[in-house]
Amino acid sequence: MEITYLLNSGFLIRDDRTLLIFDDFEDPAKAVDRIVDEGNFDNLYIFVSHAHFDHFGTHIRAYAGQTTRYIFSYDLKRTKRIRIFPQENITLLRRYSEWQDENIQVRTYDSTDVGVSFFVETKSGKKIFHAGDFNWWNWENDTLENRVMMEKIFKKQLKHMENIEVDVAFFPVDGRLGNSQEMGAKAFLQKTKTQYLIAMHRVGYPKWQPSDTFFEKTTPIPVWAPTKSGESITIPNN
């Protein structure tokens with residue numbers, strides 16, 4: 001898989017001749033424009049995990065002619081912005097629902113904020129998890145009551161993901177959470193069988209490196225924390 005960072009939680013994934021785009025709200029490096037213009041693909045799927053401005057950019061309407069399917073979280077239905085998209089080419093998914101065609105299988109999970117998270121398996125067998133805004137949002141200036149409630153909500157949702165096998169997981173490691181920024185990703189790795197972790201939702205923060213205790217209960221795996229739009233990596237087949 002070739003993976004390119006767009007911005008925030010936005011990523012472009014190439015798996016053979018299939019392109020997957022997640023949460024492309026902004027693409028300063030114009031990575032998607034270039035690859036779409038080249039036309040060297042058979043299928044293009046565009047995912048949006050929820051309607052927050054930093055996950056949903058209406059410029060993705062420009063790719064309608066090349067898009068196999070727009071796969072949107074159900075909450076986008078309540079927005080005016082969705083009206084500009086070709087309605088016959090949109091699939092709206094609620095939490096814990098499924099959709100598939102001959103190229104990909106999609107399963108959704110709940111979020112701890114808004115919308116859904118996506119689990120996608122491609123025709124070649126690649127398994128990809130994109131968390132959207134699913135995270136352990138342990139804000140350090142919040143009340144103890146709210147922090148305890150968020151922990152319960154996060155762990156309840158995480159139970160639904162227990163033991164899933166993931167080749168690449170895109171998960172928030174948000175610098176705004178300070179000392180708590182690793183908590184969600186760390187717990188996710190402990191409950192799932194993930195091979196590669198990509199940190200996201202870090203605009204404006206330095207490159208993240210796992211702390212000394214990040215892998216204390218799990219086997220260390222490769223980690224990528226991009227900071228500049230257009231950065232790319234290639235993940236070899238297992």
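Predicted model: local features only at pLDDT ≥ 70, side-chain atom pairs only at ≥ 80, totals over all residues.
Close-up 1. Leaving aside its neighbours within four places in sequence, Leu12 is in contact with Glu2, Ile3, Thr4, Leu6, Leu19, Leu20, Ile21, Ala31 and Ile35. Val32 lies 20 residues from Leu12 along the chain, and the C-alpha atoms of these two residues are separated by 7.2 Å.

**Close-up 2. Ile3 and the nonpolar cores.** The largest nonpolar core has 56 residues, of which Ile3, Phe47 and Phe129 touch the most other members. Apart from this core lies another, of 23 residues, with Ile21, Ala31, Ala64 and Ile90 among them. The contacts of Ile3, when neighbours within four places in sequence are left aside, include Phe11, Leu12, Ile13, Val168, Phe170 and Trp224. In soluble globular proteins, nonpolar side chains tend to be buried together.

Close-up 3. Seven strands, in the order 7-8-9-10-12-14-15, make up an open sheet with mixed pairing. Its edge strands, each pairing on one side only, are strand 7 (98-100) and strand 15 (223-224). Strand 10 (residues 127-130) pairs with strand 12 (residues 168-172) in the parallel sense, over 3 bridges, and Val168 in strand 12 is the bridge partner of Ile128. Helix 3 (residues 183-191) lies across strand 10, strand 12 and strand 14 (197-200), and runs at about 150° to strand 12.

**Close-up 4. The aromatic pair of Phe134 and Phe171.** The structure holds 24 aromatic pairs. In the pair shown here, the ring centres of Phe134 and Phe171 are 5.9 Å apart and the planes stand at 80°, so the pair is edge-to-face. The pair links distant parts of the chain, since Phe134 is in the loop between strand 10 and helix 2 (144-159), whereas Phe171 is in strand 12, 37 residues apart. Phe134 is buried, with a relative accessible area of 0%, and Phe171 likewise counts as buried at 0% relative accessibility. Ring pairs also link Phe134 and Phe171 into a cluster with Tyr96, Tyr109, Phe129, Trp136, Phe154 and Phe188.

**Close-up 5. The aromatic pair of Phe214 and Phe215.** Phe214 and Phe215 form an edge-to-face aromatic pair, with 4.9 Å from centre to centre and 80° between the planes. Phe214 counts as buried at 1% relative accessibility, while Phe215 is buried with a relative accessible area of 18%.

Terms used: Residues numbered from 1 in each chain as written. Heavy atoms only, no water. Core = buried A, V, L, I, M, F, W, Y, C linked by side-chain atoms within 4.5 Å. Buried < 20%, exposed > 50% of the residue type's maximum accessible area, 1.4 Å probe, protein only. Contact = heavy atoms within 4.5 Å. Pairing = 2+ DSSP bridges. Helix = DSSP H or I, 4+ residues; strand = E, 2+ residues; numbered from the N terminus. Axes fitted to C-alpha atoms, helices over the stretch in contact; angles between N-to-C directions. Phe/Tyr/Trp six-rings, centres within 6.5 Å; stacked < 30°, edge-to-face > 60°.
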